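Colleague: I have the file open next to me and would like to go through it with you. Could you take my questions as they come?

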Amino acid sequence: MRPRSAADRGGWMRWLPGLRTLRRYELAWLHHDIVAGLVLTTMLVPVGIAYAVASGVPGIYGLYATIVPLLAYALFGPSRILVLGPDSSLAAVILAVVLPLSGGDPMRAVVLAGMMAVVSGMVCILAGLARLGFITELLSKPIRYGYMNGIALTVLVSQLPKLFGISIEGTGPLNDLRDIATALLDGRANWAAFIVGAATLAVILLLKGSKRIPGILIAVIGATVAVGVLDLGVRFDISILGSLPQGLPAFVIPWITIADVVPVLIGGCAVALVSFADTSVLSRVYAARTRTYVDPNQEMVGLGVANLAAGFFQGFPISSSSSRTPVAEAAGSRTQLTGVVGALAVALLLVAAPDLLQSLPTSALAAVVIASAIGLFELADLRRIYRIQRWEFWLSIICTLGVAVLGAIPGIGLAIVIAVIEFLWDGWRPYSAILGRVAGIKGYHDMTRYPDARRIPGLVLFRWDAPLFFANAEFFRDRLLDAVATSPTPVCWVVVAAEPVTSVDVTAADMLAELDETLNAAGIELCFAEMKDPVKDKLRRFEIFPQLGEEAFFATLGVAVSRYLKTHAVDWEDWEDRRTP
């Protein structure tokens, strides 16, 4: 599953996976890619329009954000099957930026969204070139579930007004729910629009499990035909899409004002985080299925170039799609050519038949987005997490509430802060143990797990299960001194089982020097067993190794115990295993 040739691993060609695929392209794949591309088009059009509207920009820009990014990813993206485009997981983030800044001006919203795509693209490209493809792994699964559930809730609530044919200010999920309820109680709902949207949603959900029947296409075509033939738009005042502008997207630099720079930068970075988190997971899943290697850093570059293409060609931020990618796979896609065929088919639609979807009702578009938002919710695995680790479950719920209450971008920021705190907490207050000898079991074991374990008189065996660094140095000292104070016999030696200690910083090293002096003043010798050589090297660089002395370091706990027993008159018989102390 790794690149097979030196040319793949180095040189400029490694940044153009699409060209490498083209060089090895087999003629037998062509039919599959063309058919899969045409099938994919049936989803690209309605979904692109729907997610554009959900993101606060006119529907046509969802198609613009589909065409050029697919072509860019086909050249720069490492995954042979991944489909990129407008995505429901980004809609709430984009809307949170463009809605308050655009002031109701759709063209200003397009410019803001375009610059967000440019920012997101630059962030992803720079991160990929710097080989930071691992950064999304810093968010734990419960936290990812939390912010995605919050985004799904935000997207779903934002589409309810369109589903009911009403208009509200849109100031956040909680306020939106209140305004929706008020509008319904005041009788302002357009029930004809609701029936059309609800029917569309029902068809999508009923056919969602089928890989062969395009549920979204059937539902959207059915709603469009019904509204067009029965003239429901005029008779019942149902909002419709209208004619799309004819022609292809043009190269445009999305200039924004100085006042918009900060929120657009924050929004673009949030989009980069969310989009790459989704893309990296989906890419790895399909790489495993197709037994191909996908470089996460190249995935960042591919996603970044696709977002740049979207931003400069009248689009908005895009990501991978967990709904369109399976469609391409089920239709027989073999390579990135599937996305190219889909992009060209959408372009042909805009040139030759821009009025094809003019009767598409807005409530049907809302139904498409709502169906996708429902798919974003992760509940089953959260139930499992609730059973096995309650505090991580509640972390996930806090992230969900943070997105729902504070908004998409502050909520994602909260998720990142919680992730950092979670990481620091695990290292700040790690597990430690006093070790003893257990009958019938070799080695030395945690006395809280084996209360009947015997302790060697005058010797404390102390294990520390974490790196030693500034945040936990004082805690280490306190726990070790507690172990000395609670020893049932006067202590002569303390041996730290240091195998889990993978690193030491300056603060921790200075603490060890002070601790050694404190113990020596009390007639106690501080020793270490099983410490890794790189950690010893750090202690040498920090110039405290001479203070501790080479003789204070032992290869194993057994060797340390043997040395202690030879140098101290202790009433101890290791009757469990005389040969293996």
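Modeller: What follows is a walk through this model, topic by topic.

Colleague: Before we start, what kind of model is this?

Modeller: This is a predicted model, in which local features need pLDDT of at least 70 and side-chain atom pairs count only at pLDDT 80 or more, while totals for chains, interfaces and linings use all residues. Residues are numbered from 1 along each chain as its sequence is written, and side-chain values use heavy atoms, with hydrogens and water left out.

Colleague: How many helices and strands does the protein chain have?

Modeller: The protein chain has 24 helices and 8 strands, where helices (H or I, at least four residues) and strands (E, at least two) are DSSP runs numbered from the N terminus. Its C-alpha trace spans about 100 × 60 × 50 Å along the principal axes.

Colleague: And how much of the protein chain counts as buried?

Modeller: Of its 581 residues, 52% count as buried; buried means under 20% relative accessible area, exposed over 50%, and partly exposed in between, with a 1.4 Å probe and protein chains only. As for contacts (heavy atoms within 4.5 Å), among those between residues at least 6 apart in sequence, 79% join residues at least 24 apart.

Colleague: Let's turn to the sheet: in what order do the strands come?

Modeller: An open sheet is formed by 6 strands in the order 4-3-5-6-7-8, with mixed pairing, and two strands are said to pair if DSSP finds at least two bridges between them. Strand 4 and strand 8 (553-554) are the edge strands, each pairing on one side only.

Colleague: What does strand 3 pair with?

Modeller: Strand 3 pairs in the antiparallel sense with strand 5 (residues 459-464) over 4 bridges, and S432 has W464 of strand 5 as its bridge partner. Strand 3 also pairs in the antiparallel sense with strand 4 (residues 441-446), again over 4 bridges, and there V438 has I441 as its bridge partner.

Colleague: How many residues sit between the strands in the hairpin of strand 3 and strand 4?

Modeller: That hairpin has 2 residues between the strands, and G440 in it takes a positive phi near 80°. Strand 3 itself, residues 432-438, is mostly covered, with 6 of its 7 residues buried.

Colleague: Which way do strand 6 and strand 7 run?

Modeller: Strand 6 (residues 493-497) and strand 7 (residues 525-529) run parallel and are joined by 5 bridges, with V496 standing opposite F528 in strand 7.

Colleague: Changing topic, which residues of helix 9 are buried?

Modeller: In helix 9 the buried residues are A193, V196, G197, T200, L201 and I204. Seen down the helix axis they fall within an arc of 130°, so they line one face of helix 9; the arc is that of the directions from the helix axis to the C-beta atoms. On the other side of helix 9, I195 and L206 are exposed.

Colleague: What covers that buried set in helix 9?

Modeller: The cover includes helix 7 (141-164), helix 10 (215-229), helix 11 (232-235) and helix 16 (362-376). S363 lies in helix 16 and counts as buried at 2% relative accessibility; leaving out residues up to four places away in sequence, S363 touches K162, L163, A193, V196 and G197.

Colleague: What caps the N-terminal end of helix 9?

Modeller: N190 caps that end, with a side-chain oxygen 3.2 Å from the backbone nitrogen of A192.

Colleague: How many disulfides are there?

Modeller: The structure holds 0 disulfides, a disulfide being a pair of cysteine sulfur atoms within 2.5 Å.

Colleague: Last one, which phi does Q314 have, and where is Q314 found?

Modeller: Q314 has a positive phi of about 65° although it is not a glycine, and Q314 is found in the loop between helix 13 (296-312) and strand 2 (319-320). With a relative accessible area of 21%, Q314 is partly exposed. E543 also has a positive phi of about 65° without being a glycine; E543 sits in the loop between helix 22 (533-541) and helix 23 (545-548) and is exposed, with a relative accessible area of 66%.

Conventions:
Polar contact = N/O pair within 3.5 Å; in protein donor to acceptor, adjacent residues only side chain to side chain.
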